[in-house]
Amino acid sequence: MADVERSVRGDAAADPGARATVVRAVLWMVVGVLAVRQVAVVLRRPPGERLTDLETWTGATGVLHIAGSLYDPGRFTGTPFAGLVLRPLTVSAEQALGVVWTFGSLLLVVALGFVAVRALPAPVSRRTAFLAAPLAITLLMVSLPVRTTLHLGQTSILPVLLVLLACFAVRGERLPGVLTGVAAALQPAVLLFAVLFWLTGRRRAAVSGGATFAVCTALAWVVMPRDSWAYWVHHLAGAGLGDRPDSLANQSLHGALLRFGLQGPAEIALFLVLAVVVAVLGLRRAARYARDGQLLLAVAVTGCVAVAVSPTAWQHQLLWVLLAVVGRAGTRASDRLVWPAVVVLVLTLPGKMLLPNVGVVLPVRDNVLLIAALGAACAVPFLSRTSPHWQRPVPTDYAKPVPARFAWVPLLPVWRRVLSRPNLLLELLLIRVVYSAYAKVRLAATAGRSTAEEHGGQIHAAEQWLHIDIEHWANHTVVAIPWLRDFFDYYYSTFHFIVPLTILGVLYVRRPSDYRWARSTIGFATVLALLGFWLYPLAPPRLMPGLGFIDTVHGVQDLDSPDFGALTAVTNQYAAMPSLHFGWSLWCGVVILLLAPKVWMKVLGLLHPLFTVSAIVATGNHWVLDAVGGAAVVGAGFGLTYVLAGPRRLRAAGDGADGVTEAGVRPEPGEEAPAEGPVAEPAGSKA
C-alpha cells in the first residue's frame, strides 16, 4: 500500500504538501460517495432481496424473531454464538434494523481501514501515512467481501476488526487473546490466530484466545443446545449450511476439490492432507514475517490460511486476502506494483471479468480467490525488511524526456517512457479487465431502435450527398460471388482480434518500449469509440428496413422483431459508429508500417485495413462513414499518445554509448540492436 501511494504522488509536484492535501481530499470524497452509494444500493432493494441473512428471522409482522432452530430454514450460516449475539436485535423492526445495520457495517469498515493503516510496517513516510487511510477505506468498500457482507447483512467484518484490534490496538496479553477468542467464536477458522500467537512467543495470549473461544461456544451451547448440536455435529461445524459446498461462492480447498469432481472419503482425506500442508507452510511464514516486523502481513497470511483450510469460505469471509496487499514482492521498482494490483483486481472484480470463458482457464477463473489466498499463504516471495531492496528496489529506466511535446498540457511532466518490458501477468490481467469493461459498456450503450434507425437514415443521406453510398452495390455484388462472400465473412469474423493481439505479442517480446506506446494508442482509440457508441447509436445497413441489404455474416434478421433474435442479447447491434473493426485494422496497418523492417511486410500490413474496410461494407455491417469514424478515433488515439508520451522515436544521441535503440529499448543479452534508425539518448532519470 505504501508503494502504491508513493507511485501516485509522482515526482513533478512543485508543492508536495499542497498536492498531498488535494489528493487526500479527493480520496475522502471518494470514500463519502462510495458510502452513500453502498447504503443506497442496499436499502433500495425490495424486502427479500436485501440483508437476506438477517431476514432469515423476519416474521409476518416485519419484526425479527427467533422461532425454533436458527438452521431450520437453511439460510443462516453463522455460529450459534453469532445467533446469541444477534438475539437482542430480534425486537427491532426490519426497516429500522436495515438502516442501522448498514450504517454500522460501514463504520466497522472505516475503523478497519484506520487500524490497518496504523499497522503498516515501519518506516512509513509522512506522505504515505497522510494518504493511506482514505485509500485503504476505499479499497475495502469496493472489495467483493465488503459489498457481499453489506448485501447479506453478515457479521464477517467484525472478526477481522477484532483480530486487528487484538494485534495492534490493545496492550498486554490477556485482552488480545479475549478479542481473538470472541472473533473465533463468530468465525471458527480465526482460532488459527491463537496458533500464530503461540509461534511468536505470546503464549498467554494464545491460551487466553483458546479459552475465550471455548467459553463463548459453551455459553451458546447452554443457551441454545439444539442449534449448537445442529451447527457443530449435524452440519459439521457449519460445512453443510448455506449454498451448496461445491458452488463458486465457496472459495476454500474443500469447495475447489468438490468442483473438480472429487467426492466421498477420498475427497475428505485429500482435503485434510492439503489443509495440514497449507496450515504448516502458511503459519510458519506468518510467524517469520511477524518476527521480521511485518505483523500486518503476518495477520493477512494467517487469514489466508484460514480461508483455504475452512470447510466453507464464502465470499463475505475473504477480506483477509485484501490485507495481503501490504506485502512487498519483487526486487525491481517496475514489478513492485504487480502483487498489489493483482490482489485488488481479484478482490474487486468477478472472475468472469478477469479471465475469458475458455475451457482451459475455467479452473483458474472459478477458484481465483482461493488461488490468491494460497499464493499469499504459501508462495508469494514477500521481501523481508532486511533485504536491500525493501526500501530501494532496483530502479526503473526511463527514456530521456523529449521536448517536442506540447508544454502547455499540465500532465505531461509525469508521463515518462519506461524502457523495460511490463510484467506479463499484470499486462494480461489489465487487458482482459479493460476489454471486459469495454464489452459491458458497449452492450449497455443503447438508445432504442427508432433512434438508431433515424441516425442510420442520416448517415445514408449524407453518403448519398457525398456520392459514396456504395454499400448496397458492394453487398449485392459480393453475395453474387460465393467464394468472395465466404472470404469476407471469414475475414470479418476472424481477423478482428487475431491481428491486433499478434502485433501486441510481437511488440511485447521484441520491442517493449514500442509495445507500451502502441498499447496506449489502441487503448485511447477504444475509449473514444465508446463515447461514439453512447452519443450516436447507429443502425448498420443490415438492420435498416426497406433498403434491401443482405446480412451475409449473421444470417437473415427478422426486422419485424424488436430484438432481432438472440444476437441482441450478446452484443449491442447499434454500436456501429465509429467502426472499431476498421479502426483496429487501421491501427495494425500504421504500426506495421512504422515498425516492420522489410518493405514487403509494410505492404502486407497495409492490406489488412484494406481487406477489413471491404469486408465491413460488403457484409452490410457498417457504412462507409463508420470507417471514417474509426479512422478518426485511431488518429485521435495516436495524437493523445504523442501529446502524453512524446514521439515514438527518441532523439538521436551522438555516441549511443548506452546502447539504447531508436525505440528506447536496451537489447537483451546476446541480441544486437536493430540496425535501422538512429540511436536514442541514454536513459535519464531513475525511479
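In this predicted model, helix α8 meets helix α10 through Arg174, Gly177, Val178, Gly181, Val182, Ala184 and Ala185 on the α8 side and Ala205, Ser208, Gly209, Thr212, Phe213 and Cys216 on the α10 side. Contact here means heavy atoms within 4.5 Å, and helices (H or I, at least four residues) are DSSP runs numbered from the N terminus, as strands (E, at least two) would be. Sorted by class, the residues of this contact come out as 7 nonpolar, 5 polar and 1 charged. For that sorting, Ala, Val, Leu, Ile, Met, Phe, Trp, Tyr, Cys and Pro count as nonpolar, Asp, Glu, Lys and Arg as charged, and the others, Gly among them, as polar.

A word on the ground rules. Residues are numbered from 1 along each chain as its sequence is written. Since this is a predicted model, local features need pLDDT of at least 70 and side-chain atom pairs count only at pLDDT 80 or more, while totals for chains, interfaces and linings use all residues, and side-chain values use heavy atoms, with hydrogens and water left out.

Back to the helices. Two packed helices are described by the angle between their axes and the distance between the axes. For α8 and α10, the angle is about 40° and the axes are 7 Å apart. Axes are lines fitted to C-alpha atoms, for helices over the stretch in contact, and angles run from 0 to 180 degrees between N-to-C directions. The pair is therefore oblique; angles under 35 degrees count as roughly parallel, over 145 as roughly antiparallel, 65 to 115 as roughly perpendicular and the rest as oblique. The crossing of α8 and α10 is right-handed, where right-handed means that the near helix is turned clockwise from the far one by less than a right angle, and left-handed means anticlockwise.

Now turn to α9 (residues 192–199) and look at how it sits against α10 (residues 203–223): the axes come within 7 Å and cross at roughly 160°. That angle makes α9 roughly antiparallel to α10. This crossing is left-handed. Ala194, Phe197 and Trp198 of α9 make the contact with Arg203, Ala205, Ala206 and Val207 of α10, a set with 6 nonpolar, no polar and 1 charged residues. Ala205 turns up in the α8 contact as well.

How much of α9 is tucked away? Leu192, Phe193, Ala194, Leu196 and Phe197 are buried, where buried means under 20% relative accessible area, exposed over 50%, and partly exposed in between (1.4 Å probe, protein chains only). The cover over these residues includes α7 (157–168), α8 (174–186), α10, α13 (264–291), α14 and α15. Just after α9, Gly201 takes a positive phi of about 85°.

Follow α10 along and you reach Val223, which lies in that helix. Val223 counts as partly exposed because its relative accessibility is 43%.

A few other spots deserve a look. His316 sits in the loop between α14 (295–309) and α15 (319–323), and its 5% relative accessibility is why it counts as buried. Beyond its neighbours within four places in sequence, His316 touches Pro145, Thr148, Thr149, Leu152, Gln154 and Ser156. Pro134, in helix α5 (residues 126–142), is buried too, with a relative accessible area of 0%. Setting aside neighbours within four places in sequence, Pro134 is in contact with Arg24, Leu27, Trp28 and Val31. Leu27 is 107 residues from Pro134 in sequence, yet their C-alpha atoms are 5.6 Å apart.

Two loops have backbone details to check. His467, in the loop between α21 (449–466) and α22 (471–479), has a positive phi of about 60° although it is not a glycine. With a relative accessible area of 69%, His467 is exposed. Further along, the peptide bond from Met577 to Pro578 is cis, with omega near 0°; Pro578 belongs to the loop between α24 (512–535) and α25 (580–595).

Finally, zoom out. The chain has 27 helices and 0 strands, and buried residues make up 50% of its 687 residues. Of the contacts with a separation of 6 or more, 75% join residues 24 or more positions apart.
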